[in-house]
Amino acid sequence: MRVVVLLLVPLLLFSAWQYTRREENENRLALVASAVALRDVEVSCPGFWTRLVEVTPNAGWVDFDEHGRPSDETSLSASTCDSLERIWRGKQGSFACLLTGGCDRKTLEAVSGVVTLAHESWHLRGIVNEAQTQCYAVQTTEAVARRLGVVPSDARAIALRVAAEDTRAPEGEYHSAQCRPGGAYDLRPDTAAWPSG
């Protein structure tokens, strides 16, 4: 019995620490998503034990009901949650390499995480069309990065990189030719700034 207790106590403490850390991350990300969605929403990250068996091709997703209404929560993959947590905890280095090239894998994953959070936040706002959602995400990536604590110059570097990649993307489900200054999906057609912050 004593051996079982000695094994269970560290396991329970570890699980409690993991749960608390995940809750903190989810709450921080929910504040950012809510600002874009213009309503209170939640963000769900997989727990430690779920991560061990997680198999998903998606960085994030939002469920819609049969009437096209979004749920109040977005689910993010473990890698997306990890990269976003790294950003707001200040453990992600500078994004200046985005302007010159030569970024490491973790930096590129962090950029992907920011875009994913912006994208899913627009779904939570009620946008269903993927190309439109992605275009809006491109235009709000800078603001999302800033809300995560990224310094203005790095947030701008992220936005410019994301916009450049979107411009090169082929027309399809996640990209539209209308994603451009003055296009149908331009959130601020009254300004020439692109992507607008």
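The structure holds three disulfides. By disulfide I mean a pair of cysteine sulfur atoms within 2.5 Å. Before the details, the ground rules. This is a predicted model, so local features need pLDDT of at least 70 and side-chain atom pairs count only at pLDDT 80 or more, while totals for chains, interfaces and linings use all residues. Residues are numbered from 1 along each chain as its sequence is written, and side-chain values use heavy atoms, with hydrogens and water left out.

Now the disulfides, one by one. Cys-45 bonds to Cys-81, with an S to S distance of 2.1 Å. The torsion about that S-S bond is -95°, and the link is left-handed. The pair connects distant parts of the chain, 36 residues apart. Cys-45 sits in the loop between strand 1 (42-44) and helix 2 (48-51). Cys-81 sits in helix 3, residues 78-88.

The cut-offs: buried is under 20% relative accessible area, exposed is over 50%, partly exposed lies in between, with a 1.4 Å probe and protein chains only.

Next pair. Cys-97 and Cys-103 have their sulfur atoms 2.0 Å apart. This link is right-handed, with 110° about the S-S bond. Both Cys-97 and Cys-103 are buried.

Then Cys-135 and Cys-179. Their sulfur atoms are 2.2 Å apart. Why is this disulfide right-handed? Because the torsion about its S-S bond is about 95°. Cys-135 lies in helix 6 (residues 130-147) and Cys-179 in the segment after helix 7 (152-168), so the bond ties together parts that are 44 residues apart in sequence. Cys-135 and Cys-179 are both buried.

Count the bonded cysteines along the chain, and the pattern reads 1-2, 3-4, 5-6.

On to the fold. The protein chain has seven helices and three strands. From the N terminus, the order is α-β-α-β-β-α-α-α-α-α.

The three strands form an open sheet, in the order 1-3-2, with mixed pairing. Strand 1 and strand 2 (60-64) are the edges, each pairing on one side only. Neighbouring strands are turned by 30° against each other on average, direction ignored. Two strands pair if DSSP finds at least two bridges between them. Strand 1 and strand 3 (residues 70-76) are parallel, over three bridges. Within that pairing, Ser-44 stands opposite Ser-75 of strand 3.

Helix 5 (residues 105-124) packs on this sheet and touches strand 2 and strand 3. Its direction makes about 165° with that of strand 3. Axes are lines fitted to C-alpha atoms, for helices over the stretch in contact, and angles run from 0 to 180 degrees between N-to-C directions.

Last, the totals. Of the 197 residues in the protein chain, 44% count as buried. Among contacts (heavy atoms within 4.5 Å) with a separation of 6 or more, 63% come from residues 24 or more positions apart. The chain exposes about 10600 Å², and carbon and sulfur atoms supply 56% of that area. Areas are Shrake-Rupley, with a 1.4 Å probe; for residues, only the protein chains shown count as cover.

Conventions
Helices (H or I, at least four residues) and strands (E, at least two) are DSSP runs, numbered from the N terminus.
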